[in-house]
Amino acid sequence: RERWLNHLRPGLKHDASGGKDTYGWTLAEDIIIRDGVERVGTNWSEIVKLLPGRTDNAIKNRYHSPAFRRAMRAIQTGRRPVTAELPESDGEENEEEPGEREAAARYFAPGTVVEYLSQVEGEVGSFYRATVKALRGTRATIIHDVLKDAEGCEAQERVSVRFLRPEPPPIPVNFENELSRVRKGGHLEMNYLDGWWQVVVRRRLANDRFLVEAELYEVQHEVGADLLRPGWVWKHYEWRTLD
């Protein structure tokens, strides 16, 4: 029965490698866990009823994890946690595409300011500013602007250039006026927890505020125009917007 509940039951969330219950935890799920513990303590068999697709064992492990504590600190401060335990590599080497090495040397030379597409669970779909420290083939060592390592120094990470893009063009001077013409469902990026998150517009509110949604996490935010910018896409080595 335990193997069924924790490993085989249909509907469990899987990660890409086949592991169980490690599929990106969202901030909304962390809040449900926090609130559940406040109400019923560490009664995981009760809290699991609030999180379809998770197991009580997975929820318990999440609650005791450093990632959960960082998420709670982020909620308290309104900022992304500044201490990170970063991997040395983002995974196995991928086969290079034709021209990829040459493009990497052109656009991601050492000293270049870039934005990194986070691969950390709960941050997928968000970009963070960094600087390229070194480039070897199609893999770069980057220095994060915000994240610090355990010693309080600027965090460094070795990543594939496929997760990098050059610093986007400046926000247009008349962008706030252009926002008035953005239709429902229009794609933008929102500044949140020191990164830029991909969102869509749900509706315009009073006082130049907007209701936007991070569709990947099904979480909505009410924000001012000063926290929004065009939804940029770096594709085929040139900048485009999604709309």
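User: How do you know whether A214 is buried or exposed?

Analyst: Good place to start, and keep in mind that this is a predicted model. A214 has a relative accessible area of 8%. Buried means under 20%, so A214 counts as buried.

User: Where is A214 found, and what is A214 in contact with, leaving aside its neighbours within four places in sequence?

Analyst: A214 is found in strand β8. Its contacts, with those neighbours left aside, are Q198, V199 and V219. A214 is also 6.7 Å from V200, C-alpha to C-alpha, although the two are 14 residues apart in sequence.

User: What does V199 touch?

Analyst: Not counting residues up to four places away in sequence, V199 touches G186, H187, L188, E189, M190, V212, E213 and A214. V199 also belongs to the largest nonpolar core, which has 15 residues. V199 is among those with the most contacts inside that core, along with L179, L188, M190, F210, V212 and L228.

User: Which elements each supply at least two residues of this core?

Analyst: They are α7 (175-179), β6 (187-192), β7 (195-204) and β8 (209-214). A second, separate core of 14 residues includes V114, Y116, I142 and V159.

User: What makes N207 count as exposed?

Analyst: The cut-off for exposed is over 50%. N207 has 71% relative accessibility, so N207 counts as exposed. N207 lies in the loop between β7 and β8, and has a positive phi of about 60 degrees although it is not a glycine.

User: And is E218 buried or exposed?

Analyst: The relative accessible area of E218 is 68%, which is over 50%, so E218 is exposed. E218 lies in the loop between β8 and β9 (219-224). E218 is not a glycine either, yet has a positive phi of about 55 degrees.

User: Let's turn to a helix. Which residues of α2 are buried, and why are they said to be on the same side?

Analyst: In α2, the buried residues are E29, D30, I33, G36 and V37. They cover an arc of only 125 degrees around the axis, so they sit on the same side of α2. An α-helix has 3.6 residues a turn, so residues three or four places apart point the same way. The face of α2 turned away from the buried side carries the exposed residues E38 and R39.

User: How does the reach of α2 compare with the expected value?

Analyst: Helix α2 (residues 27-40) has 14 residues and reaches 20 Å from its first C-alpha to its last. That is close to the 20 Å expected at 1.5 Å a residue. Just after α2, G41 takes a positive phi of about 70 degrees.

Technical notes. Residues are numbered from 1 along each chain as its sequence is written. This is a predicted model: local features need pLDDT of at least 70, side-chain atom pairs count only at pLDDT 80 or more; totals for chains, interfaces and linings use all residues. Side-chain values use heavy atoms; hydrogens and water are left out. Helices (H or I, at least four residues) and strands (E, at least two) are DSSP runs, numbered from the N terminus. The expected span of a helix is 1.5 Å times one less than its number of residues. Buried means under 20% relative accessible area, exposed over 50%, partly exposed in between (1.4 Å probe, protein chains only). The arc is that of the directions from the helix axis to the C-beta atoms. A nonpolar core is a set of buried Ala, Val, Leu, Ile, Met, Phe, Trp, Tyr and Cys residues joined through side-chain atoms within 4.5 Å. Contact means heavy atoms within 4.5 Å.
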